[in-house]
Amino acid sequence: MKLHRRVLTFWFVFVTLDGLTALFQKSVSCNNNKTLSVIGLFGKTVQYDIGDISEHGAQLAVNDINSRSDILPGYKIALLAATTQGDVSIGIEQLLKMLFECPTKVMVLGASTSYVTSFTAAISRRWNLVQISFSAADPALSDKSKFPWFFRTSLSTEVYSQAFIKLMQNFQWVEFSVIHQSYALLTSTEERMNMFLNATNITLVNVETFHTNVGKTIKNLKSKDARIIYVASFENKARQAVCAAYRRNFYGPQRVWIFPASYGSKWYEINDTKCTASQMLQVIDGYFTIAPSHYHGNDTVSKMSISDVYCRYKTLRNQSCDPHYKDNSVDDLQGLHYMPLAYDAMWAVALALHKTLTDLKASGSGGLENFTYNNTKLAEKIYENMQNVSFKGISGDIAFSPKGERVATVSVFQFQQNSGGQFVAIGRQKRSDMEIEWNNTRVYWPKGKPVSVRPTKKRLIPLPKEKYIVMCSLAALGMLTSAIFLTFNIAYRNVRMIKMSSPMINNLIVIGCLFSYSSIFIEDVFLSGLSVYCYAKLYVTILGFYTAFGALFSKTWRVYKIMSDLSFNGQDLQDRHLFLRVAVLVIFNLLLLVVWTSVDPFIVERQTEGQPELNKEEDYIEISESLRCRLKYSQSLDLVLLSTQGLLIFFGAFLAWQTRKVSIPELNDSRWVGMCIYNVVLLGSLRAILVMGTHQTPEMTYLTDSVIAFIGASVTQYFIFVPKMMAFRRQRQAGPDVLLSRLVMKNMCLAPSGSTRSPTSQHVTVVTSLKSSPVNTMSEVEDCRICRSRKSDSNC
């Protein structure tokens, strides 16, 4: 709140006294001499060395410039340094104080932070002063409509964002997360990155902002399994984030961190967290940073190399120096790389003034000592020459784009603890088009190159072979039983009790059961993914159901017609008519399937089963999948099939109920046929509930279908044929007496209905002898009654 009040107060004073400022510029005369004063705004604080380092770098440049007779001959440059402490109001106060004091200033160097610079650059332009910064990185400062006379030797964060994207592409990373401190410059990182991500396949999947509770930020990153983490924060907050990552076990060779290059080389050793330096190193080992490319030759404008300037600076601090300094040297100074930028910024000021002085002498317009704040023409000349500055500095080539941006290159470094804690250059930008030349052989990966997304392995789940073998064995046993029943039915088809049960229709029942058993064998156990299994399974299942159940339905319908109308002549109930009805039912449903699957063919697709499983040791997620046969309109087909089958089953159940009291085994199988239909109703209802109401794995689907098919076919066969085989056995064991009784009963049935003698009185002896017979005599009598009403039936 205090900061905002001071800023608002300044702007009130600045706006209201704008006219007085112009008057002051015209009325106040400073005694100008051959000393060219430059304002230096440095953000020196107790906590950070950046401001102090930058000021010393600029002062070293002033000393070198003033020692050169070929640069600004007859003039000296004086750097009037002031500290902003990183505070906008202090920065504005210091700038205005110097502007209202003599001598007249010719240019402004600074400020250290982007936020302070955005205010001072606007003010300096009103005073016709060119301003150049060595560390302000906010891309907003490139807006010439707001900051027309602003330049910088530092690089915009846009450049770092583009270089970071190139780093992602180099390692084929496609996802990353950003954590940034709640600060104006840092929070714009996300927006700037998104500008360049649109043309790539890289996705910013997670953005976390923190102010004080960095632990919560790390917790969120861990919950989302962030792999590539871009950090945009000041150094102290970065240490807090790293310590929080260590305490939450959010680190390892599978995670990669990218930190700003503004941190000191040993920034992790500062003891302001609850973690030790060794613990911090476990988290950040192998992290990447992007920094401006430095030039290590001595053919610079100052005739000095970057190593020379570093050594001169460290001598001032009573520190030892490596005369062969390289980019990967280890220093204990935070922000040391800003020193060459401040050094070169001061040289850019000197060269722009030198060119202006040369132009003034050539035109006979005097010298730079005649500069005043209202001398617009001379100010524009200084701005023009600053725009055209081009030289080789210790930080590399110095030149400016029309937006005042430095046309420079960057380098990418990796911090490698196994190399003595050095920064190893792995990529260097060769041109201004952001093409980076990579040297991936210098990259160190403890356990291989990390991936941005935890790899996923998909595994097809086959049907357990032991379960398949068990079901096929049961199906084979069922088929063997079918063969026995079929053989018995054909061999004894002329025996009266078999003949009365329509053996040809019984053959259809057996064939339908064989189809049902066969469907159990049809399964893609080798995961070939062929759709032929889908077609074969469906067609064989439908063929088996309608063949077997259609035959059962026909038999029951015939019994129903006979028992409901004894005057019925039976001409339409012969086997060939029943065959025709079964054939129509089967062909209709097969045609329905052919048409449907032609319009909507089967697709074999992979379907995820269960929850993904994490393999922590090998760091991948395993997803179990199965092959499923799918129709685009499978639910509609299921509804149609279930509806037609349901109607048939319902009608069959109705007929079975109506004929439930019929007990003439030799004439029909109504009781057992009814039991078969009830069994189909139960199993069909169970299947419909499982299909429509639950989600089953392919394994459970196969087992359910197979068990239902096996039980349905087996129960049907046993109910139809076992009673016949048992009755046939009893008949064979009864002997000649039973055969004689049947012959007598036949003669009684064929006797004229008007005979005067009662059948019972004519054969009382035979009937009496049959009382102890195992054969049901009352059934024979009932049989006689029905045959009298159906004399046309060959079975009688």
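This is a predicted model: local features need pLDDT of at least 70, side-chain atom pairs count only at pLDDT 80 or more; totals for chains, interfaces and linings use all residues.
Residues are numbered from 1 along each chain as its sequence is written, and side-chain values use heavy atoms, with hydrogens and water left out.

Let's start with the big picture. Of its 796 residues, 48% count as buried, where buried means under 20% relative accessible area, exposed means over 50%, and partly exposed is in between (1.4 Å probe, protein chains only). Contact here means heavy atoms within 4.5 Å. Among contacts between residues at least 6 apart in sequence, 75% join residues at least 24 apart.

Now for the open sheet. Its five strands come in the order β2-β1-β3-β4-β5, with parallel pairing; two strands pair if DSSP finds at least two bridges between them. At the edges sit β2 (76-83) and β5 (150-152), each pairing on one side only. Neighbouring strands of this sheet are turned by 25° against each other on average, direction ignored. Axes are lines fitted to C-alpha atoms, for helices over the stretch in contact, and angles run from 0 to 180 degrees between N-to-C directions. Zoom in on β1 (residues 35-42) and you'll find eight bridges joining it to β2, in parallel. Leu 41 stands opposite Ala 82 in β2. Helix α5 (residues 114-126) packs on the sheet, touching β1, β3 (105-109), β4 (130-133) and β5, and its direction makes about 160° with that of β4. Helix α12 packs on the sheet too, touching β1, β2, β3 and β4, at about 150° to the direction of β3.

What about the interior? A nonpolar core is a set of buried Ala, Val, Leu, Ile, Met, Phe, Trp, Tyr and Cys residues joined through side-chain atoms within 4.5 Å. The largest one has 73 residues, and Leu 109, Met 346 and Met 386 touch the most other members. Helix α12 (residues 338-363) gives the most to this core, with 16 residues. Leaving aside neighbours within four places in sequence, Leu 109 has contacts that include Val 38, Leu 41, Phe 134 and Met 346. A second, separate core of 40 residues includes Met 471, Phe 485, Leu 578 and Val 680.

Another strand worth a look is β10 (residues 288-292): five of its five residues are buried, so this strand is largely enclosed by the rest of the structure. It pairs with β13 (residues 410-416) in the antiparallel sense over five bridges, and Phe 288 has Gln 414 as its bridge partner in β13.

On to the disulfides, of which the structure holds two; each is a pair of cysteine sulfur atoms within 2.5 Å. One joins Cys 243 to Cys 275 (S to S 2.0 Å). The torsion about that S-S bond is about 80°, so the disulfide is right-handed. Cys 243 lies in helix α9 (residues 235-247) and Cys 275 in the loop between β9 (256-258) and α10 (277-284), so the pair ties together parts that are 32 residues apart in sequence. Both Cys 243 and Cys 275 are buried.

The other disulfide joins Cys 534 to Cys 629 (S to S 1.9 Å). Here the torsion is about -75°, so the disulfide is left-handed. Cys 534 lies in helix α17 (residues 532-564) and Cys 629 in strand β19 (residues 620-630), so the link ties together parts that are 95 residues apart in sequence. Cys 534 is buried at 4% relative accessible area, whereas Cys 629 is partly exposed at 43%.

Most residues other than glycine have a negative phi, and most peptide bonds are trans. A cis bond joins Cys 102 and Pro 103, with omega about 0°, and Pro 103 is in the loop between α4 (88-99) and β3. The bond from Gly 110 to Ala 111 is cis as well, with omega near 0°; Ala 111 lies in the loop between β3 and α5. Gln 85, not a glycine, has a positive phi of about 55° and lies in the loop between β2 and α4.

Terms used
Helices (H or I, at least four residues) and strands (E, at least two) are DSSP runs, numbered from the N terminus.
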